[in-house]
Amino acid sequence: MSQLDCAAWGAKKPADSLAFHSIAIATELLLKSHLLRTASTDAWNRVQIGHNLNKAARYAERAGLDLPSRLSLVVDQLHPYFQRGGFQRGGPRAWPPGFADDAGDIVRELAKTVFDHARQGAHGS
């Protein structure tokens with residue numbers, strides 16, 4: 001099951017933390033995959049970005065990725081919890097209603113953007 005499939009499953013259950021953790025992982029992997037293809041190494045990503053979604057988004061954009069306009073909303077909400085491992089700790093959090101579904105859609109848009117950018121690069125256009 002992909003991270004986004006897991007997120008969709010969690011969003012349908014009362015498991016928002018699971019959904020958001022999966023969305024955060026998918027976001028990190030998508031942004032870093034773009035960086036690996038265009039601008040960095042895995043070692044550089046590990047040292048300079050770690051699990052910092054804000055940095056990953058900023059560096060990916062600098063490396064030519066046109067980020068979905070609403071991705072910053074997802075990153076702003078999820079980064080503080082993801083950065084500190086907070087999805088695994090503590091009790092339930094109050095997330096905006098419907099945010100899990102919206103965040104999943106936004107990150108699916110990011111996945112399409114990353115894929116399209118890679119395909120354009122492979123075809124030299």
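Arg46 is exposed, at 53% relative accessibility. That puts it just past the cut-off, because exposed means over 50%. Keep in mind that this is a predicted model.

Arg46 has a partner. Its side chain meets that of Asp42 in a salt bridge, 2.7 Å from N to O. Asp42 is partly exposed, with a relative accessible area of 42%. Both residues sit in helix H3, residues 42–48. They are 4 residues apart, so about one helical turn separates them.

How many salt bridges are there in total? The count comes to 4.

Next, helix H2, which covers residues 16–38 and holds Lys32. Lys32 pairs with Glu28, again a salt bridge, 2.7 Å from N to O. The spacing is 4 residues within helix H2, so about one helical turn. Now the burial. Lys32 has a relative accessible area of 14%, so it counts as buried. Glu28 is buried too, at 7%. The cut-off here is under 20%.

What does Lys32 touch beyond its neighbours within four places in sequence? Asn45, Ile49 and Gly50.

Last stop, helix H6, residues 99–122. Arg119 and Asp116 both lie there, 3 residues apart, about one turn of the helix. Their side chains form a salt bridge at 3.2 Å, N to O. Arg119 is partly exposed, at 41% relative accessibility. Asp116 is buried, at 18%. This pair belongs to a network. Lys112, Asp116 and Arg119 are linked by salt bridges.

Key: Residues numbered from 1 in each chain as written. Predicted model: local features only at pLDDT ≥ 70, side-chain atom pairs only at ≥ 80, totals over all residues. Heavy atoms only, no water. Helix = DSSP H or I, 4+ residues; strand = E, 2+ residues; numbered from the N terminus. Contact = heavy atoms within 4.5 Å. Buried < 20%, exposed > 50% of the residue type's maximum accessible area, 1.4 Å probe, protein only.
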